[in-house]
Amino acid sequence: MDNVVAIAAIALVLVVIFVIAKTALVVPQQSAYVIETVGRYSRTLQAGFHLLVPFIDRVAYRHTLKEQTIDIPEQVCITRDNVQVGVDGVLYLQVLDPRQASYGVMNYAFAISQLAQTTLRSEMGKIDLDRTFEERAAINASIVSELDKASGAWGVKVLRYEIKKIMPSPETLEAMEKQMRAEREKRAVVLTSEGDRDAKINEAEGQKQRVIKESEAQRQRQINEAEGQAAAILSVATATAEGLRNIAGALREPGGDEAMKLRVAEQYILQLGQLAKAGNTYVIPANLSDLAAMTSLATTLVKGETAPRSSS
């Protein structure tokens, strides 16, 4: 009898422990549990301690409210210019409504990853291969926008999508390398031709400036020579005029006529001697022996020249 009572007590204790285990529930931080009552949605439990009705309530779904990361496997995409590239990425999402995430879709992570792959293929088909590397941000934003429209009904928020790598095929890589090499050679040829052109332009400009400078220097030299000749002529004329004025003044002084006659006679004899040296044949005045007459004639001529100059 005692053994039966002990067994019954032990069984009762086990039943109580089992009931408590089924009744008491602790939900961790940043988690949410979806509770079903007799197979129907009842409530969503947040972090903390909760009590369930044994054999009536049960935890149907457990969700984390933390930001989740999903790897999007590499897939082959075709760009607008019909080039095949392998593209993979990573997706960041967060559960906002545990009830919708439980009943809105069978597996929200799988559904969103599949939708991300199809959207990525669609976006890659809109652009050329050359732009895929520089349009990563635009592609990522377009994928997030499309995924967010679909995942809203599933209680999931798509935060961002990032392309990890874009890998063209080996044939495409080889063609791209040839294209880049051709572009570099083309730029080198263009730069060389532009350098030659600039050098020729600079040389022609230098020759032009040299000719202009030489012509300006020649003009300035001619101007300077003309000014010098004009100044010399002016100086000679000024000196001649001054000499004539002095002669006119000297003739008015006492003894001026006699001095002039003596000077004229000296010049007459000097020039006649020079004339004799110049050649074998020459013409001489008929009254060469009459020196006084010649001197008087010269004096009269000099007075006639100096009188007007003195009066002026």
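Residues are numbered from 1 along each chain as its sequence is written, and side-chain values use heavy atoms, with hydrogens and water left out. Because the model is predicted, local features need pLDDT of at least 70 and side-chain atom pairs count only at pLDDT 80 or more, while totals for chains, interfaces and linings use all residues.

**View 1. The largest pocket and its lining.** Here's a space of about 160 Å³. A pocket is an open set of points on a 1 Å grid over the protein atoms alone, where a 1.4 Å probe fits and protein lies on both sides within 12 Å along at least five of seven lines; lining residues have an atom within 4 Å of a point. The lining has 12 residues, with K22, L52, D57, R58 and V59 lying nearest the centre. Strand β5 gives the largest share, 4 residues, and α1 (2-23) and β1 (24-27) each bring at least two. Helices (H or I, at least four residues) and strands (E, at least two) are DSSP runs numbered from the N terminus.

**View 2. A nonpolar surface patch.** F18, V38, V53, F55 and I56 make up about 510 Å² of it. Patch members have over 30% relative accessible area and no salt bridge, and nonpolar side chains are joined within 5 Å. I56 sits in the loop between β4 (48-51) and β5, and at 37% relative accessibility it counts as partly exposed. (Buried means under 20%, exposed over 50%, and partly exposed in between, using a 1.4 Å probe and protein chains only.)

**View 3. S31 in strand β2.** This strand covers residues 31-37, and S31 is buried at 14% relative accessibility. The C-alpha atoms of S31 and V95 are 9.8 Å apart, though 64 residues separate the two along the chain.

**View 4. The salt bridge between R210 and E214.** A salt bridge here is a side-chain nitrogen of Lys or Arg within 4 Å of a carboxyl oxygen of Asp or Glu, and the count comes to 12. The closest N and O atoms of R210 and E214 are 3.1 Å apart. Because they are 4 residues apart in helix α6 (residues 170-252), about one helical turn separates them.

**View 5. The salt bridge between E123 and K126.** The closest N and O atoms are 3.3 Å apart. E123 is buried at 12%, whereas K126 is partly exposed at 48%.

How values were computed:
Grid points are joined across faces, edges and corners, and a volume is the space filled by probe spheres set on the points. Patches are made of residues with over 30% relative accessible area and no salt bridge: like charges are joined within 9 Å, nonpolar side chains (Val, Leu, Ile, Met, Phe, Trp, Tyr) within 5 Å. Accessible areas come from the Shrake-Rupley method with a 1.4 Å probe; for residues, only the protein chains shown count as cover.
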